[in-house]
Amino acid sequence: MSQAGLGRGAVEPVAVVGMSGVFPGADGIAALRDLLEQGRRVAPERPADRPSEGGSATAPPVCCIPGVGRFDAAFFGIAPIDAEQMDPQQRLFLEQAWSAVEDAGQRPGGLAGGRLGVFVGAQYGDYARLLAAAGELRAQGATGNALAMIANRVSYLLGVHGPSETVSSGEASSLVALHRAVAAIRSGQCDAALCGGVNVLLRPETAVRMLEPGDASPSGQCRVLDAAADGRVAGEGCGVLFLKPLGAALADRNPVHALIRGVGVGHRGGGAQWDASAIEALADLLLHAHTAAGTALRSLGLLETSGSATLAGDAAEVAALHRAFTPQTAGVAPTEPDCTLGSVKAAIGDAGPAAGIAAIIKAVLALREGRRYGVPGLDRPNPGLARDGGPFVVHRDSRPWPRPAGGPRRAGVTAVSAAGTMAHAILEEWTGPVAGDGVPGGSVPPRTRPVLLSAGSEAGLDAVAAALRGWLLRQGDAGGDRLLRDIAHTLRTGRTDRPFRLALLASSLGELAVLLDAVPARSADPRILRGHAAAGSSGPSGSGPEELARAWVAGAAVAWPVPEEDGAARRLSLPVPPFAGRSHWYRKVEPSAAPSLAAPLHAAPSPAAPLHAAPPPAADWAERARRWRGETVALESGGEGVALVVLKDARNRNMFTEDLSLGILAAFQAIAADPSFRVAVITGEGPAFAMGGSPQALSDIVEGRMSYTDFPFLYECLLRCPLPVVAAMQGNASGAGFVFGLYADIVVLAEEATYAANFMTFGLTPGFGATMLLPEKLGRGLAAEMMLTGGAYSGAALRERGVPFPVVPRARVLDHALSTARGLAALPAGSLRLMKSSLAGDLLNRLPAAVDAELSVQRKTYAFPEVRERVSRLVTRLS
């Protein structure tokens with residue numbers, strides 16, 4: 001456990017064994033590292049997925065985290081209504097805390113019953129105010145919006161028994177939380193700790209309060225330590241560290257990102273924020289913190305300042321640093337400046353109570369990577385830095401950080417809040433052993449090892465596989481069989497198994513790299529096993545790696561054998577899977593409030609204005625679709641002016657998940673905007689064309705948490721598309737999926753596929769405008785039979801009953817549809833659009849009344865206990 005430079009009598013350092021975070025412009029630690037290395041500055045911008053709450057037009061700009069409304073409630077076993085009432089700060093901190101533990105190579109569920117402390121810095125509670133203003137604050141909102149619950153909810157869901165505290169000390173909050181975490185570990189109150197901070201600004205008024213009068217930057221830039229500094233930009237962020245005593249971290253074979261040598265906390269006393277007394281108090285705090293830690297101030301090669309981003313404030317903080325350093329440099333021959341000053345606020349804005357943890361994570365990255373990150377956009381340094389013999393320097397670009405001759409790299413992080421709380425943390429690089437670098441542990445024989453990856457969605461699985469490939473590239477050729485063993489061990493023992501699974505059977509690092517490269521192409525390589533966990537999956541058919549891996553990807557519980565050499569395996573900091581969340585906002589949805597994909601074909605009745613301050617959710621959907629970059633829907637060229645839309649979520653049978661819905665909307669937005677397209681064809685990949693709403697969506701609808709009118713574009717987009725649309729329904733389709741396809745102008749069915757309007761199977765009366773559309777398309781008699789019975793009919797059976805669509809063998813459906821579309825595309829484009837407008841316009845004009853009538857009936861249907869029970873059984877069976 002010894003390390004050069006610890007100092008005599010120094011207490012045991014606390015190791016940072018895991019970390020996670022999300023910040024403006026950086027969705028993860030790796031992204032933050034890249035942002036800092038490239039010297040980029042995040043521009044303040046309000047994401048389109050936020051509810052609009054009005055506010056002052058002169059409110060300062062904010063550097064925001066996108067997607068704060070998303071949360072993987074199902075993963076944590078939290079009901080949607082509880083998630084909707086939860087402050088996004090609770091959700092963010094919970095997800096990042098989970099990821100920080102997995103970053104340490106540990107399974108979070110394995111912490112249950114232990115003495116793990118949870119400490120978090122937080123200050124604002126905007127979400128409760130929005131709930132109250134919208135009249136949506138319910139009983140669940142009491143705990144869902146209590147700041148204390150940010151820490152307590154993590155402790156509860158992990159089942160741990162250490163201290164659980166939320167700290168509110170302004171900008172110093174997360175450093176004070178770190179101080180408490182380190183003190184609790186050293187005093188024995190807990191054996192390990194999760195520590196961090198979170199800040200989400202949902203109301204402009206909060207950003208105004210967060211910045212003192214005159215502190216908001218009129219230029220919209222945080223020019224920290226710059227002669228042109230004109231104030232700060234409010235920001236958001238969430239970061240979490242997983243901490244253990246160094247000895248325990250080594251015994252548990254955790255990765256060690258850096259060491260915490262000590263944290264000091266104080267207050268400036270009375271007076272102004274940066275008067276002479278405050279400067280003296282900060283200098284005194286730094287000296288005492290380093291004395292207690294057994295370190296010398298002059299050993300710091302990097303110092304993250306609090307960063308007032310004003311000319312006077314930055315100069316005063318530098319003056320305090322000079323005052324603290326002077327006693328330690330007295331009598332020492334002057335040298336070149338060797339302590340780099342900086343502030344993460346220059347890159348991501350001032351994250352308030354999370355600013356300290358953002359600075360800590362930046363310092364950890366600098367120590368681990370051996371880089372001193374610059375101040376983005378630095379023009380001319382603050383004049384206060386120009387002192388003779390001073391050790392401080394500030395630069396614009398990132399540069400190497402050579403290890404000093406006398407010991408390890410050290411960094412300091414300082415935070416000063418407007419209320420007067422001050423804190424200073426001392427960090428140090430770990431120069432001891434790390435996994436894969438030749439640590440004694442016996443020989444590691446070559447063998448085939450299952451490398452296991454899982455995620456909450458197919459896209460998430462591909463993302464974590466790509467991230468692992470990137471991680472492997474950064475390791476180079478070092479490690480060999482030992483590193484492969486450690487990778488397989490970490491992923492087998494340090495992750496929570498999620499439903500979408502991938503097992504790679506590799507016998508060398510090179511082979512693992514080849515397999516990871518083949519994953520995006522859905523290679524048929526027998527060493528690559530994909531699957532989706534299903535309840536009741538049978539156990540392995542044998543004891544070999546392939547049999548065990550094949551059973552695991554199908555969802556079976558597998559007792560993995562542990563080779564003898566794995567007793568020396570170390571846990572690695574490997575990419576963690578993203579959460580597969582969906583949006584959970586408080587607002588109720590108003591029917592028929594969807595924007596068109598293109599200009600309306602006919603003027604439809606205007607819906608009543610919503611009774612809440614937020615815009616209709618469909619407006620958010622349209623904006624999010626413009627930024628969608630998923631893989632569940634592909635827009636391809638069908639040749640000769642034909643656009644081909646392919647639903648590719650075969651794993652989920654092309655159910656209308658949030659991702660698939662966004663993809664459909666994005667595809668038809670692109671089609672409407674591209675003049676080269678004359679006709680559109682839509683089809684589904686795999687055995688299903690579209691199987692309607694997911695089980696969770698059905699549950700949410702029945703429980704009143706949402707309505708199918710949340711997704712009006714699903715039953716309008718084929719009608720509103722300005723081009724003729726041909727639906728190649730080569731696979732099975734049921735419920736809303738079947739109705740969706742029938743909204744196309746021309747439909748082609750497969751003889752072998754089955755089609756059903758199966759709403760009544762669950763006791764649900766039809767929706768999506770089916771009561772109007774099915775009689776229109778199928779004839780009144782057949783439509784009534786399908787809707788009343790909920791039965792499934794083959795394409796051949798529908799043809800015998802006189803369905804007015806082409807019905808051909810499955811293998812010919814797409815070719816038939818494309819041939820039809822190309823024939824249409826050869827006609828005059830203007831005439832095609834006018835004819836489409838005439839045909840679809842009549843249906844669009846009748847649709848609002850049909851939808852309103854369906855909703856009225858469904859409100860009565862949902863009250864029946866039998867309906868709720870049927871849907872509940874379905875959700876349980878498919879979960």
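Student: Which strands does helix H6 lie across?
Tutor: Keep in mind that this is a predicted model. Helix H6, residues 148–158, lies across strands E4 (116–121), E5 and E6 (192–199), and it runs at about 155° to E5.

Student: What is the strand order in the open sheet of 11 strands?
Tutor: The order is E5-E4-E6-E8-E1-E9-E16-E15-E10-E11-E13, and the pairing is mixed.

Student: And which strands stand at the edges?
Tutor: Those are E5 (164–167) and E13 (392–393). Each has a single partner strand, so one side of each has no neighbour in the sheet.

Student: Let's stay with E13. In which sense does E13 pair with E11, parallel or antiparallel?
Tutor: E11, residues 339–342, pairs with E13 in the parallel sense, over 2 bridges. Within that pair, Thr340 stands opposite Val393 of E13.

Student: Switching to Arg372: where does it lie?
Tutor: Arg372 is in strand E12, which covers residues 371–372.

Student: Does Arg372 count as buried or exposed, and why?
Tutor: Buried, because its relative accessibility is 14% and the cut-off for buried is under 20%.

Student: What is Arg372 in contact with, leaving aside neighbours within four places in sequence?
Tutor: The contacts are Gly301, Asp338, Thr340, His395, Asp397, Ser398, Arg399, Pro400, Trp401 and Pro402. Thr340, one of these contacts of Arg372, is the residue that stands opposite Val393.

Student: What does the side chain of Arg372 reach at 2.8 Å?
Tutor: The backbone oxygen of Gly301.

Student: Now some helix packing. At what angle do the axes of H1 and H13 cross?
Tutor: Roughly 75°, with the axes of H1 (residues 29–38) and H13 (residues 355–369) coming within 11 Å. H1 is therefore roughly perpendicular to H13.

Student: Which residues make that contact?
Tutor: From H1, Ile29, Leu32, Arg33 and Leu36; from H13, Ile361, Lys362, Leu365, Arg368 and Glu369. They divide into 5 nonpolar, no polar and 4 charged residues.

Student: Last one: which residues of H23 are buried?
Tutor: In H23, residues 770–778, the buried ones are Ala770, Met772, Leu773, Leu774, Lys777 and Leu778. Gly779 follows H23, and its phi is positive, near 95°.

How values were computed
Residues numbered from 1 in each chain as written. Predicted model: local features only at pLDDT ≥ 70, side-chain atom pairs only at ≥ 80, totals over all residues. Heavy atoms only, no water. Buried < 20%, exposed > 50% of the residue type's maximum accessible area, 1.4 Å probe, protein only. Helix = DSSP H or I, 4+ residues; strand = E, 2+ residues; numbered from the N terminus. Contact = heavy atoms within 4.5 Å. Polar contact = N/O pair within 3.5 Å; in protein donor to acceptor, adjacent residues only side chain to side chain. Axes fitted to C-alpha atoms, helices over the stretch in contact; angles between N-to-C directions. Parallel < 35°, antiparallel > 145°, perpendicular 65-115°, else oblique. Nonpolar A, V, L, I, M, F, W, Y, C, P; charged D, E, K, R; others polar. Pairing = 2+ DSSP bridges.
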